[in-house]
Amino acid sequence: MDIAKEMKEENEINVLLSVINNSKVWTGAITTPSPLYEMRLFDSDDKIIAEILYNPNSYFTIEINNKSFELTNIDKDSLNTILIK
């Protein structure tokens, strides 16, 4: 089941950006079960600037400008504070 999450609160956005910034880019093989969370980041004109697919047990993928990055070392505790409400 995919969960769509809309984040408009500055604190939630800052937590998400912090998680991304403090992660590492994975260059190895990944498994690709269906994402549990699917998030999209929009700019102030409501244009999509990034798409995030997240499966807590497998991967965190962020796509920006048609480039896909697999992130590791995700701070799941911080991420859960904004995803689970």
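Biologist: Which pattern does the protein chain follow when read along the sequence?

Modeller: Please keep in mind that this is a predicted model. The protein chain has two helices and six strands. Read along the sequence, these elements give the pattern β-α-β-β-β-β-β-α.

Biologist: What share of the residues of the protein chain count as buried?

Modeller: A residue counts as buried when its relative accessible area is under 20%. The accessible surface of the protein chain comes to about 5900 Å², and 49% of that surface belongs to carbon and sulfur atoms. Of the 85 residues, the share that count as buried is 31%.

Biologist: With which residues is I52 in contact, leaving aside its neighbours within four places in sequence?

Modeller: I52 is among the residues of the largest nonpolar core that touch the most other members. Contact here means heavy atoms within 4.5 Å. With the neighbours within four places in sequence left aside, the contacts of I52 are L16, I20, Y37, E38, M39, L41, F60, T61 and I62.

Biologist: How far apart are the closest N and O atoms in the salt bridge of E38 with R40?

Modeller: Side chains of opposite charge can pair when their charged atoms come close. A search of the whole structure finds two salt bridges. E38 counts as buried, because its relative accessibility is 18%, and R40 counts as partly exposed at 38%. In the salt bridge that E38 forms with R40, the distance between the closest N and O atoms is 2.4 Å.

Biologist: Which residues are linked in a network of salt bridges?

Modeller: E51 forms a salt bridge with R40, with the closest N and O atoms 3.5 Å apart. This pair links distant parts of the chain, as E51 lies in strand β4 and R40 in strand β3, 11 residues apart. E51 is partly exposed, with a relative accessible area of 26%. R40 also forms a salt bridge with E38, and the residues linked in the network are E38, R40 and E51.

Key:
Residues numbered from 1 in each chain as written. Predicted model: local features only at pLDDT ≥ 70, side-chain atom pairs only at ≥ 80, totals over all residues. Heavy atoms only, no water. Core = buried A, V, L, I, M, F, W, Y, C linked by side-chain atoms within 4.5 Å. Buried < 20%, exposed > 50% of the residue type's maximum accessible area, 1.4 Å probe, protein only. Salt bridge = Lys/Arg side-chain N within 4 Å of Asp/Glu carboxyl O. Helix = DSSP H or I, 4+ residues; strand = E, 2+ residues; numbered from the N terminus. Areas by Shrake-Rupley, 256 points an atom, 1.4 Å probe, with all protein chains shown as cover.
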